[in-house]
Amino acid sequence: MLELQDVHAYYGKSHVLQGVNLHLTEGEIVTLLGRNGVGRSTTIKAIMGDVVCTGTIRFKGRDILGLKSYEIARLGVGYVPENRDIFPGLTVRENLLLGQKKRHAQGRWSMQDMFALFPRLEERAEVSAGVLSGGEQQMLTICRTLMGDPDLIMVDEPTEGLAPRMVELVADLLRRIAERGVSILLVEQKLTIALEISRRVYVMGHGRVVFEGTPASLSADATIRKEWLEV
Amino acid sequence: MLEQLAISTLNGIIYGMLLFMLASGLTLIFGMMGVLNLAHASMYMLGAYLGYQISKTIGFLPALILGPLALGLGGALLERYGLRRVHQHGHVSELLFTFGVAFMIQEAVQMIWGRIGVPYRVPPELDFPLFRLFDTPYPAYRIFVLVLAVAIFVGLFAILSRSRIGLVIRAALTHPNMVGMLGHNVPQVFMLVFGVGAGLAGLAGVIGGPIFVTSPNMAGALGAILFTVVVIGGLGSLPGALLASLLIGLVQTFAVVMDVSLDDFIKAIGVDAKAGNILGDIQHTTIAQIAPILPYLMLLVMLVVRPRGLFGSRDV
Ligand SMILES: Nc1ncnc2c1ncn2[C@@H]1O[C@H](COP(=O)(O)OP(=O)(O)OP(=O)(O)O)[C@@H](O)[C@H]1O
Ligand SMILES: [Mg+2]
């Protein structure tokens with residue numbers, strides 16, 4: 001469904017992605033692990049068309065490198081950024097409406113589904129999104145992207161800075177998303193949730209993939225963990 | 001006195017609403033694209049000249065429709081084929097680009113219509129006193145301008161707060177990238193907003209031309225006031241632009257009729273005029289005389305005290 005071959009990206013002179021290769025099949029949860037600054041966010045921004053890059057990026061068999069972000073989104077790629085880019089001045093409901101790509105789009109998820117999953121969002125539907133708590137904002141960003149009915153959703157560090165109870169909630173939501181046949185590319189720092197929910201994991205180091213395998217094989221490989229993950 | 005007050009208030013509000021018609025487009029464009037469109041006031045001027053020309057040959061009503069339409073279309077094309085390409089080279093290039101456009105419009109207007117103004121007058125169908133304010137007859141045309149400006153304002157707010165495209169625009173004001181990544185065609189929205197902004201500037205020119213003087217100086221004079229309005233209101237804020245437009249409209253209108261100077265003040269507190277004449281010419285300057293610099297004074301104070309403006313969410 002998604003395939004990256006030899007993707008390179010630069011910020012000015014610094015060579016941030018140095019030939020990234022990865023792939024994802026339908027309905028899979030795949031996690032991208034790695035220390036801070038190795039280029040995980042840049043990888044998914046490159047997929048989203050938000051970073052200039054070279055190489056090959058294919059989605060559903062189509063070459064998407066060079067397309068505009070909105071075109072990539074319309075093909076079915078959803079993106080949840082790491083900084084929780086909600087629209088703070090708009091209400092929770094308006095934020096969710098903006099997730100829809102067309103006015104009366106009927107996808108896997110409706111506003112009612114979102115409210116059923118998170119009653120808290122319904123209670124606060126008419127409140128400015130900017131006053132929500134960090135955890136609520138994270139839920140809102142994910143739900144907003146789901147409203148656009150993506151076939152692949154890329155979620156960048158959704159549990160960063162959240163209380164353990166909220167982390168559990170996020171993990172649970174990701175599982176529900178996968179149950180409906182949506183593929184998930186997750187960027188995570190917390191090894192526990194990554195190993196718990198993903199089918200496969202990639203470990204990134206210095207702008208390229210240094211490990212690919214199942215959670216079990218990563219657990220077994222102490223050298224990789226020591227060299228590329230533990231701080 | 002009361003009569004003067006009523007007339008000045010009405011005139012100030014009309015002037016303010018015209019300013020808003022211009023400032024709304026400017027502030028939305030700035031908020032979304034981060035570009036200060038230096039050609040905005042030139043589009044207003046072009047609107048006035050087109051209004052004059054079309055009024056003369058076909059009539060005022062066609063001018064009212066065709067003028068803004070032409071500018072709106074021109075603005076949209078300018079964004080699509082000019083600004084969008086320049087965009088990748090950064091904000092300075094964009095600024096220079098709009099500066100170039102302003103310059104071109106200026107020269108073109110002078111080439112076609114000459115260096116002195118044209119006699120763009122109130123259309124005869126609207127050239128009569130509508131009512132009397134105390135003893136002074138008040139021109140119907142000004143009320144027409146007011147009604148049109150208020151209608152535009154109401155329409156603009158309704159679209160922005162009620163419609164889906166309005167929602168996309170409001171989100172794109174602060175997070176254009178994120179809006180794009182949700183699957184909305186943001187470049188197209190930019191083009192639309194730029195076109196509508198240019199169209200509104202044109203409309204303000206068509207209807208404002210007969211009230212003010214239609215001459216090649218009008219862009220320069222108004223441009224500076226416009227930037228003042230947008231900065232005072234807060235870049236990207238529509239309510240801010242409305243408030244600042246009315247504020248500046250009223251301040252400027254009232255200031256020019258205030259024939260008081262420091263002299264009068266000194267007399268009023270009972271100091272002998274001769275003995276107190278230390279400041280010389282400064283003392284004789286009336287508020288009416290310093291009226292033109294009042295907006296810039298407000299701009300400077302605003303920049304120092306509250307750089308984000310009345311309603312802005314970020315600093316200039
Ligand atoms: N806009 C930018 N301009 C210049 N350098 C950047 C920019 N964004 C990221 N970088 C640099 O590129 C490298 C990779 O950044 P990236 O955001 O992909 O890291 P990451 O793996 O997501 O880590 P984290 O999210 O923990 O910071 C980092 O060294 C970062 O400092
Ligand atoms: Mg990151």
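Which residue is the bridge partner of A:Leu4 in β4(A)? The partner is A:Ile57. This is a predicted model, in which local features need pLDDT of at least 70, side-chain atom pairs count only at pLDDT 80 or more, and totals for chains, interfaces and linings use all residues; side-chain values use heavy atoms, with hydrogens and water left out. Residues are numbered from 1 along each chain as its sequence is written, while chains are lettered from A and ligands numbered from 1 in the order in which they are written.

**Four-stranded sheet of chain A**

- Four strands of chain A form an open sheet in the order β2-β1-β4-β5, with antiparallel pairing. (Strands are DSSP runs of E with at least two residues, helices are runs of H or I with at least four, and both are numbered from the N terminus; two strands pair if DSSP finds at least two bridges between them.)
- β2 and β5 (62–63) of chain A are the edges; each has a single partner strand, so one side of each is left without a neighbour in the sheet.
- Strand β1 (residues 2–11) of chain A runs antiparallel to strand β2 (residues 14–24) of chain A, and eight bridges join them.
- A:Ala9 has A:Leu17 as its bridge partner in β2(A).
- Two residues lie between the strands in the hairpin of β1(A) and β2(A), where A:Gly12 takes a positive phi near 60 degrees.
- β1(A) also pairs with strand β4 (residues 53–59) of chain A, antiparallel, over six bridges.
- Helix α1 (residues 40–47) of chain A packs on this sheet. The helix touches β1, β2 and β4 of chain A (contact means heavy atoms within 4.5 Å). Its direction makes about 70 degrees with that of β2(A). (Axes are lines fitted to C-alpha atoms, for helices over the stretch in contact; angles run from 0 to 180 degrees between N-to-C directions.)

**Six-stranded sheet of chain A**

- Another open sheet has six strands in the order β6-β7-β8-β3-β9-β10 (chain A), with mixed pairing.
- Its edge strands are β6 (77–80) and β10 (208–213) of chain A, each pairing on one side only.
- Neighbouring strands here are turned by 20 degrees against each other on average, direction ignored.
- Strand β3 (residues 29–34) and strand β9 (residues 200–205) of chain A are parallel partners over five bridges.
- A:Val30 stands opposite A:Arg200 in β9(A).
- Helix α6 (residues 134–146) of chain A packs on the sheet and touches β6 and β7 (152–156) of chain A.
- Helix α10 (residues 222–229) of chain A lies across β3, β9 and β10 of chain A, at about 45 degrees to β9(A).

**Salt bridges**

- The count over all chains is 16 salt bridges (a side-chain nitrogen of Lys or Arg within 4 Å of a carboxyl oxygen of Asp or Glu).
- One of them joins A:Arg120 and A:Glu136, with the closest N and O atoms 2.6 Å apart.
- This pair links distant parts of the chain, 16 residues apart: A:Arg120 is in helix α5 (residues 119–123) of chain A and A:Glu136 is in helix α6 of chain A.

**Interface of chains A and B**

- The contact takes 23 residues from chain A and 16 residues from chain B.
- The buried area is about 1,800 Å², and carbon and sulfur atoms give 65% of that. (Buried area is the accessible area, with a 1.4 Å probe, that two parts lose on being put together, summed over both.)
- B:Arg164, B:Met181 and B:Leu182 lose the most area in chain B, together 38% of what that side buries.
- One salt bridge crosses this interface. The side chains of A:Glu94 and B:Arg170 form a salt bridge at 3.1 Å, N to O.
- α6 (164–174) and α7 (176–181) of chain B each supply at least two residues of the side that touches chain A.
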